[in-house]
Amino acid sequence: MTFTLPDLPYAHDALQPFMSKETLEYHHDKHHLAYVNNGNNAIKGTEFEGKSLEEIVKGSYGKNAAVFNNAGQHYNHLHFWKWMKPNGGGKIPGALEKAIVDAFGSVDKFKEDFTAAGVGQFGSGWAWLEVKGGKLAVSKTPNGENPLVHGGTPVLGVDVWEHSYYIDYRNRRPDYLKAFLESLVNWEYVAELYEKAAKG
């Protein structure tokens, strides 16, 4: 398959004031586009041509850095745009909320663990809510890695590369993570991914 840059599911200014138009213009239109273009170039003539994105991510991990870095980031960002929405945050759908409480004890404890993973990821990377072994867990990964290559299925991820927040928050990564959880997350999309992963 050939990677293509998806349209944002909302206008560039739709997530303000929590994520600026300028951030989305750079992050989506330039950074994500670069992963698409570089990924397509890296895949040409390799065993990964014609495979699904998930197969490429899993198959190239630890074997082909150029393919993996770009495919991983393409996968992560395809979901990242959908993990946010205007007027996000708020109430978590019932089945997902119950699973979060079962796994972490409370929604607040989950948010605390997820924020700690994002703050504690040294340098560039991601914080995740994943389904692993049938249960929800929080994890973090460096660079473009994601739970797929560690036996999990991501249902929510936040990009903690500086280009994701520096224009708006400078060095205040904890404030960015708080805004993400409280005002940006599209919990309906997370719930949809959770239902699929829980069945799988």
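The buried residues of helix H7 (residues 173-184), where buried means under 20% relative accessible area with a 1.4 Å probe and protein chains only, pack against H3, helix H5 (107-120), S3, helix H6 (166-169) and H8. These buried residues are Arg173, Tyr176, Leu177, Ala179, Phe180, Leu181, Ser183 and Leu184. This is a predicted model, in which local features need pLDDT of at least 70, side-chain atom pairs count only at pLDDT 80 or more, and totals for chains, interfaces and linings use all residues. Residues are numbered from 1 along each chain as its sequence is written, and side-chain values use heavy atoms, with hydrogens and water left out.

**Helices H4 and H5**
- The axes of helix H4 (residues 94-104) and H5, which are lines fitted to C-alpha atoms over the stretch in contact, come within 8 Å and cross at roughly 70°.
- H4 and H5 are therefore roughly perpendicular to each other, a term for angles of 65 to 115 degrees.
- Glu97, Ile100, Val101 and Phe104 of H4 meet Val107, Lys109, Phe110 and Asp113 of H5, where contact means heavy atoms within 4.5 Å.

**The largest pocket**
- The largest pocket, a pocket being an open set of points on a 1 Å grid with protein on both sides within 12 Å along at least five of seven lines, has a volume of about 170 Å³.

Notes:
1 Å grid on protein atoms, 1.4 Å probe; cavity = no way out; pocket = protein on both sides within 12 Å on 5 of 7 lines; lining within 4 Å. Points joined across faces, edges and corners; volume = space filled by probe spheres on them. Buried < 20%, exposed > 50% of the residue type's maximum accessible area, 1.4 Å probe, protein only. Helix = DSSP H or I, 4+ residues; strand = E, 2+ residues; numbered from the N terminus. Axes fitted to C-alpha atoms, helices over the stretch in contact; angles between N-to-C directions. Parallel < 35°, antiparallel > 145°, perpendicular 65-115°, else oblique.
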